[in-house]
Amino acid sequence: MHKIAITLLLLLLFTVFSAITGLSFGPAAVSNSQVFECLLGHCPDKIGDMVVWQVRVPRVLVALVAGMGLAIAGAILQNTTRNPLADPYLFGIVSGAGLGATIANLSLGDNVNIALPLAAFLGALFAITIVVLVAKILQRIEQLLLAGVAVSFMLASVTQFILYFGEPFATNRVIFWLMGSLSRVDMSNFYVIGSVLLVTILTIIALHRQIDALLLGDESAASLGVNVEKLRLLMLGLCAALTATIV
């Protein structure tokens, strides 16, 4: 326990250090001392205040919760499938979210802001549904990851097919969006991702014993009173929601 506590403390300090360091990087000439002054509420000028609080702080915070969310989603998938290689990308969740967002982008154009997270979530849910159905047909939980890889490639191919026949300007916008960027984020993105992340963490804490029981195998977990199928579907749904929100 002592070694674990030290490791967690070092990781926490490294995370804080990384976040503070991230505030010091950017095209605008804002020194480290100015950054600290702005964080303490004593910015020497309005430009520095705007750069730090309106540009860099949202980007750093969104990067933090996005990284945390993807890491947690990966950990959930690894526990749920008993496979250390599982993550949202290999499971097709990211490809599904990208497909849903692509369809929304191309069909709704400039009115996509509200529908985009919902479309991404539905796409991620669609990917998870296909993966689960394939695993049910094969009747082997070990095949979930292989099914996820196949679904990931399939949905990525569908996305590319749609983009190929899409309107050029809209296609360019979608391709830029799919590449990922923090350049346009603001605090509203942090609040949305942070809220979904908090709900996910609280759910995991509440069900951590049942989730750990899955590592013993489905039969052993069921003998301990765990509803394996419902728990696995709940965890996959949480991963889909969290990943789609981040994407």
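**Reading the model**

Tutor: Tyr-164 is exposed, as is Phe-165, where exposed stands for over 50% relative accessible area, buried for under 20% and partly exposed for the range in between, with a 1.4 Å probe and protein chains only. This is a predicted model, in which local features need pLDDT of at least 70 and side-chain atom pairs pLDDT 80 or more, while totals for chains, interfaces and linings use all residues. Residues are numbered from 1 along each chain as its sequence is written, and side-chain values use heavy atoms, without hydrogens and water.

Student: How many aromatic pairs does the structure hold?

Tutor: Rings of Phe, Tyr and Trp (its six-membered ring) pair when their centres lie within 6.5 Å, with planes under 30 degrees apart stacked, over 60 edge-to-face and the rest tilted. The structure holds 3 such pairs, and one of them, Tyr-164 with Phe-165, is edge-to-face, at 5.0 Å centre to centre and 85° between the planes. Phe-161, Tyr-164 and Phe-165 form one aromatic cluster.

Student: Which residues lie nearest the centre of the largest pocket?

Tutor: A pocket is an open set of points on a 1 Å grid where a 1.4 Å probe fits, with protein on both sides within 12 Å along at least five of seven lines, and lining residues have an atom within 4 Å of a point. Of the 42 residues lining the largest pocket, Leu-116, Trp-177, Ser-181, Ile-246 and Val-247 lie nearest its centre. Its space, the volume filled by probe spheres set on the points, is about 1,300 Å³.
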